[in-house]
Amino acid sequence: MDVQLLTYLFVGGSFALYIGIAIWSRVGSTKEFYVAGGGVSPVANGAATAADWMSAASFISMAGIIAYSGYDASVYLMGWTGGYVLLAMLLAPYLRKFGKFTVPDFIGDRYYSNVARTVAVICVIFVSFTYVAGQMRGTGIVFARFLEVDVDIGVVIGMVIVFFYAVLGGMKGITYTQVAQYCVLIFAFTVPAIFLSIMMTGHVLPQTGFGATLLDAAGNDSGVYLLQRLDQLVTELGFSEYTSGTKSTIDVFFITAALMCGTAGLPHVIVRFFTVPRVRDARVSAGWALFFIAILYTSAPAVGAFARVNLIETVDNTAYQALPDWFHNWENSGLIAWTDKNGDGEVQMAAGDPFSGTPAYTGERGEHGERLLSNAPTDNAGEVYIDRDIIVLANPEIGNLPAWVVALVAAGGVAAALSTAAGLLLVISSAIAHDLLKKQLKPDISEKGELLAARIAAAVAIVIAGYFGINPPGFVAQVVAFAFGLAASSFFPVILMGIFYKRMNKEGAIAGMLVGLIFTFSYIVYFKFIAPEANTAEHWWLGVSPEGIGTLGMIFNFVTALVVSRFTAPPPESIQHIVEDIRVPRGAGGAVDH
Amino acid sequence: MLTADLNRLPFTLLDSGQRRRLEAGLDLGYYAVGQVLLESGAEPENVYLIHKGEVVEEDPALSGEAAWIGHYAAGDLFGAISVLNGRSRYRFRVEQEALCHLLPAALFLSLCEGCPAFAEYFQQRLADKTQRLLARRGAFGATLAGFMLSRVRACLRPPLVLAEAVRVTDAAAALRERRADSLLVGAGEALGMVTKTDLLEALVHARVTPQSPLTGLGTRPLIGVDIDDYLFSALVTMTQHRVARLVVFENGGVAGIVELLDVLGQFSSRTHVVGLQIEQAQDMAALVAAGSGLTALVEGLMAQGVKLRFVMALLSALNARLIQKAFTFAVPETLQAQSCLLVLGSEGRGEQVLKTDQDNALILADGESWAGREAADRLTAAMQHFSDQLAQLGYPPCPGGIMVSNPAWVASESAWLGKIARWASSRDAESLMQLAILLDARAVGGQVALLDALRESLFRHCADDELLLSHFARGALRFGSPLRLFSGLRRREEEVDVKKAGIFPIVHGVRTMALERRVTVTSTFDRLEALVVDGRLDRAFADDLAEALGFFAELRLRRQLAAIDTGASPAAATASVIVSRLSGFERDLLRESLHTVRAFKQRLTHRYHLEY
């Protein structure tokens, strides 16, 4: 069977599985009516959390960024994992006790202020939009390649599917659907990684293969380490060494911190912690989730390295017409482009962009059959543009793996994008309908009206997200990084101080959020949209890149909030009591009643 | 050739000659999916009798849900009303390819002419349908119950109000003259009720002489109903308070008296007979005899077409009295004075029509010594005895052990408070179930005030905790809907478990809202009412939910009664109904009710964040 048919089968099959589980879980024949979601083990909950957590960014884009940026990309690994731990240990247990479901609800109640709630809603919408746009891009790429359509049409297909899945299907609320998604996703990620690891290094585990020596064509140990070979390959092409970074230490620190704190402030992940009823189960689930996430995160560097080696060895100095099918397929999807600068009919790789901007095809074919471009070529030797987001998806094809592995990866990519995008969409729609409309603008709105508003909000959100998916301001992982930056600079400080500092009042919180959000947003917009040509280290303030600026915004948020709260009235007694209470174990309260 | 089944209504109304004419005139037609049999406004040529397939009736002027008027399947007949009217009001469209017997309009009209009963049948259907549509579209604010039940206003007697200074002998004369049984004494707020029996007793015990004034006589406060209440709730109130007459209020003033005999005259039921038997029972044997009449009573009321929710309210009052009486027989008086007996679950909500499992619990007042081993043993023995008594009365022990013979459900007030705190904080499936059970508790015996503190604590722990409410509400989504994605019921042969598909989601969803809004009444119907007053639910939707719940409960009760007829226990009866065995009208109601449940689930999902 060919790849195309297998892909339809795998993606279709995985959907059938999710729907089947959803139906099965609703027709439960148990006699016990009250035990809702009872008997979901912490392991299953952990897997469900991991599926929510690992987005298209983790699945599709992270390994791609690692393949291209090498050591520099380690910030994503550290930041995201660290953020998860921060959330699970530092914030989630206390937020649970506050008894509010959404982040704006928590902020609105903790800071006894509708203004604070509104600012929080705006932050939620901003952060979630940015994040969901990244997911839409990822989904679009998957559909583009495997349905053999243009990436823009792929995004539209993804929009429709995500909307139905999240809003109409009601499948998001079912733990076992999420577990199934995790299984599909993790198989899809690790199977090709293991294949490649065995083929290239003889190690079964990609995690150990990453640090091992390569096998030569005959299958004997060549004595050259994978990373040695990679460093040698990339430096020959004029790139900087794979294993050494180009970012300044301060920038690495700031980006990591922004990713960490941003993760901890992401509303759709916080919500996931609330869906486990018992505190103890929630802790055990968090542990399992970390384990499940680690399986993917520790394989990613190896996948990136394998892919880069294979890519260079396959593509560099090969005649365009002699290249394997995947190269031409991805070119047709608009994610690979080649311009034959030296006219030799072969593809050359080199450091720097081969031409300015993203590919703009003229619609005509060149003498070798390549799609012609209207972009102005640059003066370096590089001739080929490869979208980094395709690395994981193309990896099995580049490595010549069997067709079913290729199909499996497609199903995994869809699973990853689907669960996260759906979660975000729900956050946006409930923030608008519940926190904004019902709680503030129109408190007398009927429940039916609120429901309708939620659906409209979700529909509008998906359209806007789709627009940004078609016109992305960066790669998936980078777009997502901005979402984290915004979350770090807006939510994280007010949530943290809301829990641990009872003197923090509404004036401080509102001022802090506004300063953090506006500063971070402006900085990013300036360097990414207004003056993208100035987006280099020497123009950056304190040498901090737009990806890491969220940390600075967060610091400003903290400082502003502390200063403002000093000079304004303390919060009411009742709020201070609540803040004290949520840090006292609940069991102590129960004992008094005895 | 296929023959139509004419051995059923309305064809059985025709004589054999007319039936032969009808049979001879029938034609057969086949229609494909989507085909319009009868356009809105068109003049119908036939009356259709479906042999196979499905047809929907819709209003082309509206779209979506609102457009939907009716649904017809094998065995149903449609188009008759259109023929009688001369044109079709709505459009009939084939939903699943259909094979229909066609009865030409001219023949149909001539049959109607020749057989008034036949014509009457369709006129009646027209009235039914109109009423149902009007009710559904909210043209009438009231529910269908309004058409079926009379109000207190309908059997009111004018009040006889006398001043306290009036002499007893004059009062007796006034009673005789007005042929009244009772009078109200006093003025304004301080009215009291004096019955003939009261006067007689006072005279016999020489507390008054015929010449003394009425001062000092009269029962206060007055027990009453509003003039616009259903007569049925008057009956419930009488049963609850064990009185034979109630004062009727209108706008805060007294409008009259409603007497038990008058109410019974309207219902001609055995309700009060059973009530009296329970009241007069002096020992368990008499109580058992009284209790055995309950099932027959239910069947009688149902046969009279009394709306189930009123039967429920009445029966729950009778059940409560039965249980309370058993409690006074089985438990020493000292214990009765220091404890509160709760009924839980559906009995607590007053939604149990037939006697099923014992679901009960006991609160012991704090500070009383039931702690010592000996005392504890005595307590356990008393509770075991009580439980055995209930079993004798026909309430089998609860298989889940939620009853007073299980020490886990007997605790002091402070121990209960501790349990509530623990359940509220651990919020696992088991705890949430316990909270739900306790939330439905109703005090029926002993010191009923003890329950208030428990309920207060329950609200304090749960009502503001959005997370807990979310976990609590999730139970309502536990069972899927038998509705297809976009339209009606699935295949006709299908069984619908009305308990899972209808009753449970409504009861649990409303329970969650009641917890959120600190509603203290326990009946789902009363909770809906309270939630409307609170502003949490809109009136129209709450009425829809109440209608739907009433309908589901009725379907379920029918299954249970059928099970009793065959000698099985009602608890063992399944709540499944087979769609094809319902009448066309009931199928419509079932479908509508399931739609209401689906809409309710969507609201719950949104409100309690269950989409995550």
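# Exercises on a predicted two-chain model

In this predicted model, 32 residues of domain 1 of chain A are in contact with 23 residues of domain 2 of chain A.

## Exercise 1. The domain contact in chain A

Task: Find which helices of chain A supply the domain 1 side of this contact, and which classes of residue make up that side.

Solution. 

Step 1. Identify the contributors. Helix H3 (56-69), helix H6 (114-146), helix H13 (279-315) and helix H16 (403-441) of chain A are the elements giving two or more residues to the side of domain 1 that touches domain 2.

Step 2. Sort the residues by class. The side of domain 1 of chain A that touches domain 2 of chain A holds 22 nonpolar, six polar and four charged residues.

Step 3. The assignment for chain A gives domain 1 as 3-28 + 40-311 + 401-470 + 479-584, and domain 2 as 312-398. Their C-alpha centres lie 30 Å apart.

## Exercise 2. Chain B and its domains

Task: Describe chain B as a whole, then describe the contact between domain 3 and domain 4 of chain B.

Solution. 

Step 1. Count the elements. Chain B has 24 helices and 18 strands.

Step 2. Look at burial and contacts. Of the 612 residues in chain B, 43% count as buried. Among the chain B contacts with a separation of 6 or more, 70% come from residues 24 or more positions apart.

Step 3. Divide the chain. Chain B is split into domain 1 (11-140), domain 2 (152-267), domain 3 (271-462) and domain 4 (473-607). The contact between domains 3 and 4 takes 21 residues from domain 3 and 17 residues from domain 4.

Step 4. Find the elements on the domain 3 side. Helices H12 (294-303), H13 (308-330), H15 (345-349), H18 (429-439) and H19 (450-462) of chain B each supply at least two residues to the side that touches domain 4. The largest share, three residues, comes from H19(B).

Step 5. Sort by class. This side of domain 3 of chain B has eight nonpolar, four polar and nine charged residues.

## Exercise 3. A bent helix

Task: Where does helix H21 of chain B bend, and is H21(B) mostly covered or mostly open?

Solution. 

Step 1. Check the length. H21(B) covers residues 498-516, which is 19 residues. From the first C-alpha to the last, H21(B) reaches 26 Å, close to the 27 Å expected at 1.5 Å a residue.

Step 2. Locate the bend. H21(B) bends by about 35 degrees at B:Phe504. A proline, B:Pro505, follows within four residues.

Step 3. Check the burial. H21(B) is mostly covered, with 19 of its 19 residues buried.

Step 4. Look past the end. B:Arg518, which follows H21(B), has a positive phi near 55 degrees.

## Exercise 4. The partners of S6

Task: How many bridges join S6(B) to strand S1, to strand S2 and to strand S3 of chain B?

Solution. 

Step 1. S1 (27-31) of chain B runs antiparallel to S6(B), residues 91-104, with five bridges. B:Gly29 is the bridge partner of B:Cys100.

Step 2. S2 (36-38) of chain B pairs with S6(B) in the antiparallel sense over two bridges. Here B:Val36 stands opposite B:Arg93.

Step 3. S3 (46-58) of chain B pairs with S6(B), also antiparallel, over 11 bridges. B:Glu57 has B:Phe92 as its bridge partner.

Conventions
Residues are numbered from 1 along each chain as its sequence is written. Chains are lettered from A and ligands numbered from 1 in the order in which they are written. This is a predicted model: local features need pLDDT of at least 70, side-chain atom pairs count only at pLDDT 80 or more; totals for chains, interfaces and linings use all residues. A residue is buried if 20 or more other C-beta atoms lie within 10 Å of its own, exposed if 12 or fewer, and partly exposed in between; C-beta atoms are placed from the backbone. Two residues are in contact if their C-beta atoms, placed from the backbone, lie within 7 Å. The expected span of a helix is 1.5 Å times one less than its number of residues. The bend at a residue is the angle between axes fitted to the seven residues ending there and the seven starting there. Domain bounds come from an automatic or database domain assignment. Ala, Val, Leu, Ile, Met, Phe, Trp, Tyr, Cys and Pro count as nonpolar, Asp, Glu, Lys and Arg as charged, and the others, Gly among them, as polar. Two strands pair if DSSP finds at least two bridges between them.
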